[in-house]
Every structure is written in C-alpha cells, then in structure tokens.
Amino acid sequence: MTLLGHRAPFTAQIGMTIVALFLFTALFGPWFAPYGESQSIGDTWQTPSGQMWLGADQIGRDMLTRLIYGARTTIGIAAATTIVSAFIGITFGFTAAVLGGWVDTVLSRLVDVILSIPPLILALIVLGVFGSSIPVLVLTIAVVDSPKVFRLARALGMNIVVLDFVEVARMRGEGLWWVIRSEVLPNAVAPLISEFGLRFCFNFLFVAALSFLGVGVQPPYADWGGMVRENASAINFGLLAPLYPACAIAALTVGVNLVVDWLLSIDARPSGAQAEM
Amino acid sequence: MLRLIATRFALGILTLLAVSVLIFICTQILPGDVASAVLGQQATPESLRVFRAELGLDKPAYLRYLAWLLGVLHGDFGKSLTNDRVIIEELAPRFVNTLFLAGYAAVIAVPLAVGLGILSAIREGRLTDRLANILTLIAISVPEFFVAYILIIIFAIQLGWFPSLATVDSDMGLGTRLYTAFLPALTLTMVVMAHMLRMTRNSVLSIMSTPYIEMAFLKGLTRSRVVAFHALPNALGPIVSVVALNLAYLVVGVVVVENVFVYPGVGQYMVDAVAKRDVPVIQACGLVFAAVFVTLNTVADILAMLANPRLRRRR
C-alpha cells in the first residue's frame, strides 16, 4: 500500500486494516448482522455461545448485533462532528488569517475563552440546557471542538497569506472566499488531513464518553458508549459484557492513531527525500 | 518580573470573567426558557409568570448575569430546580471530594510520569523507551472507562483487594478514604500519566538536539550524565508546565471516573444535573470546573516563567 509514493510501514498497514474494517461495518453492518437491532433473543448477559458469539446484553439482545449497529451510530456521529468542526474551524481560521486586523483579534479572543473551559464541561453545559438529541450532540461537539481546528488553520493560513501569490490574488481583487478556497486551502491540505484524523479520534472518544455518562446518544439507538453504560453492572458478576463495546472504541482509536502517526511522519519529511526513507 | 506575573494573574481573572459570561450565555439561550422547560405540561400562563418572577427571568439578561455573578462571589449559587436544595451546601463537600481524588491521583502520577519520561529520554530508541511509547499510545487511545473497568475486573473482582464502588463519606478516616478511593485514583493516574510521560520525554528530547548538548557529548560525558546535569535544568520549565497542564486535564478526567466508581464528587453531581436539566446546578458545576481549569493553566504559565528566564522578556 502506497500513498503519493510513500510506502506505509507495518503499523500504518495494521491501522488502515482496522479503520477499513470498522468503516465497512458501519456502512454495511445491518446487511450481515445476525439479529435485529432491538431483538431480544437470549437471557440477561447470557454467556457467549455458538448462536451468540459475544453473548447477550442486559435485556438479552445479541451483543455482536448491537456492536455492529453501534458502529454506524458512533462512527457516524463522530465523523459528522469532525466534518462540521473542520468546516467551522477552517473557514473561520482562514478568514482570520486572510482578513487580519480586528476580525482576527475578535475571533482569536473568542477562541481563547472557549478553550479556557474544559471541552467536556462545556459540552455538558450545552447538552444540559438543550437536552440530548443527535443533531444537538453533533453541533455541540463540533462547536466545542472547532477552536482547536481554528488555531491550526489560522497558524497555517498566517504562513500562507504572506506569500506572493496570495498578494497577487488580492491585487486582482479576488474576494475573501475565493482567496481562501483557491489560494490558501490547497497549500494547507496536508497538515489539515492529519489534524482531521486526530480530531476524529478525539471526537469519537468524546461522543463515547458523553454517551457513557448517559447524556449522549439516547436509547433505543445502539451506541458503544451507551452500551458500556447499560452493561456496566455486569462487571460486578465478573462478566465481560461492558468490555466488548469499550474494546471496539479502543481498537478504532488505536487504528486511526497509527494511520495518523504515519501521515504526520510523511508530512514532516522533505518531499525530495522520499527515495531513501 | 513581579509585574509580568501580576499581568498573567490579571489575565487569568479576566479569562475567568469571560468564561462566566460564556457559561451564562450558554444557559440563557434556550428556545423558550427554563420556566417552561421545567414546568412542561403543567405550565399555565399564571404559573409560568410566577415561576419566571421567582427565577428572576422577567428581568433583562445583563441584570440577571450581574445578580448571578454577585451571588457566586458570595458563595451563593442559588437553589437546585429539582429538589430546591441550596446548591453551595451540596457542592462544597463534593468539591472537597473531587479535589481529594484529583490530588491523590496527582501525588501518584506526577513523580512516576516525570521519572519514567526522563528515563525513556535517556534510553531513547531502546527497549524501555519503545515499550513506554507503545504503552502510552494505548493509554491515550482508550477511553477512561475502559481503563477503569479493566482495573475493576482485576483488582476488585478477580483479586478482591479493593472495593469497586468508591462511595466515600465525610465520617471516613484518611486511611479508609485512601483505600476506598484507590481504584479511581489509579485509573486517573494511568490516564493522565501517559500524556505527562510523553510530553516530559519530548521536552527532554527536544533539548537533547541543541548544540550545547552535543558539546557535552563531545567532552565524553555519559548519556545519563548529560541528561541529568545538562538537559534537565533546561527542560524543567517545560516539564513544570506540562505537569500543571495535565493536572488541569485531570480535573476533566475526574468527571468520567467519578461516574464509573459512583464517587460523590462534583463530576457526578454535574452529570446528574445535566440528565435532569437542572440549569442552576449545571451553571455552578461548570463554573467550578472552569475556575479550577483556568487557575491551573495560569499557575502553569507562571511556573514556566519562573523556571525559564527566557520567557520573562516581554513579547
């Protein structure tokens, strides 16, 4: 597996396999899930057997089926969140960089304030006020997360807007949006992509944590964080039920991290020196 | 010097004010308002009017903010909407519990993380370092509750050494308290240690690539001596701020861990309030967490200034 002439190291290949597997499950899971999402077919926390590979959950639903459906909810929400957050952060970050002056000052100070509240706490405040539904959840996490993208995008943008071709575009009288889209963005894509991966991990853990606390995705949707919460008391009987969804969360994060580590290392290399690496 | 610290301190207070405004705005931009949200089905125009007056919702927003802020400064966070209790009375003991847990974890985590971070910088690229690297990557990637449940399975269920629920109360002696809260503290330690270790290692290593370190090596000094006497004094500044930043992170990690172990702290109080949509309690807890976070960040900056003279110059 190669990307832009870079061969992926072993760890990155493992990472990509994990990510591909999870994405496939998220997209096509319901087609091969053994049972229905809310179909109760066994006893509470029934132990794993031939029919139910991972046993049953707290009301006798097949754990594996719940995990497969949960992939769609959890990964879907995390991905949607990251896209919205990237859009907000990049747009405002580049706007601040291109316009400078008071626009930059106002946006940067606002971001400073948002960043001085811990993200989980800010999300809890907003969710507590608005109640938890999937659109609110996505928007909340996106807004809470976007300041970090903003900082990176602004820093990248600052280095690009001083270059001659941006100056030329401005002289031509191009508008703000055009300058951002055609001059700044193409030159900042590489670092933004690895940031996207990191933000995805963060948001994914964030959704899981909120659902685990019971203020994220609400039943009846299967969702990994929520599944850990629902099955938590099984642990007192020495059963592993809450660990399966927790493992799924951990596996995906490790996978994405492995890929991102590789992308970051490509990014750090001088582009001419690919051959000997 | 003193002036710089005072400036940073003032900036911290200003940030705190801005944060309080933000929290207030967040809780006031409800579609509809708290009164109709709380009364729900039973809302008649009359009861709504009375309830609004009781909450002060009939006054303009900036007056309500000032009243709230003034109350907070006097330790008056208002009353809970769900059980009508005075918030500060519930919050104060929980806050002590949370600080106890975070402090407990910090006492274990800081020496361990800094020690291991330096060790893995000394042994860069060798087995110890690579092992530490892989372990920290895993610890950073997995959610807090995963670590917590693994620890519960091992230490509470299999071995039976520690209780799986950390329900401390005020009658407990220090020893029992430490024993009861051991598993949550250990969870927090594992979570926060990974970050701290990685950052300590990196800040030592970034100094290792400077010319004066190369000079020390050329003099024929051993690697451990170079790290301990040449690199470490300069890495101290970054390490101190890393520690303080991670303590700030600890305060957030506490929320999830408290909920796993049913530990009676502010995090659990806040999550309960969010589930019940008890806005005054959410405001109070949010402000407390933000205040601790801002304070620790300010302390981190000031300590970094004290440890590194180069930061004292005005930018």
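How many residues does the contact take from chain B and from chain A?

1. The contact takes 39 residues from chain B and 32 residues from chain A, two residues being in contact if their C-beta atoms, placed from the backbone, lie within 7 Å. This is a predicted model, in which local features need pLDDT of at least 70 and side-chain atom pairs count only at pLDDT 80 or more, while totals for chains, interfaces and linings use all residues. Residues are numbered from 1 along each chain as its sequence is written, and chains are lettered from A and ligands numbered from 1 in the order in which they are written.

2. On the side of chain B that touches chain A, the elements giving two or more residues are helices 1 (2–28), 6 (127–141), 7 (144–158), 11, 12 and 13 (279–307) of chain B. Helix 13 of chain B gives the most, with eight residues. By class, this side of chain B has 31 nonpolar, seven polar and one charged residues; Ala, Val, Leu, Ile, Met, Phe, Trp, Tyr, Cys and Pro count as nonpolar, Asp, Glu, Lys and Arg as charged, and the others, Gly among them, as polar.

3. Chain B has 13 helices and zero strands. Helices (H or I, at least four residues) and strands (E, at least two) are DSSP runs, numbered from the N terminus. Of the 315 residues of chain B, 41% count as buried; a residue is buried if 20 or more other C-beta atoms lie within 10 Å of its own, exposed if 12 or fewer, and partly exposed in between, with C-beta atoms placed from the backbone.

4. Helix 7 of chain B bends by about 30° at B:Ile152, the bend being the angle between axes fitted to the seven residues ending there and the seven starting there. The buried residues of this helix include B:Phe145, B:Leu151 and B:Ile152. Just after helix 7 of chain B, B:Gly160 takes a positive phi of about 70°.

5. B:Val262 lies in the loop between helix 11 (223–261) and helix 12 (266–276) of chain B. Its phi is near 50°, a positive value in a residue other than glycine. B:Val262 is partly exposed, because 13 other C-beta atoms lie within 10 Å.

6. In chain A, helix 4 (residues 119–130) and helix 5 (residues 134–161) pack at an angle of about 145°, with their axes 10 Å apart. Axes are lines fitted to C-alpha atoms, for helices over the stretch in contact, and angles run from 0 to 180 degrees between N-to-C directions. Among the residues that meet are A:Leu122 and A:Phe130 in helix 4 of chain A, and A:Val144 and A:Asp145 in helix 5 of chain A.
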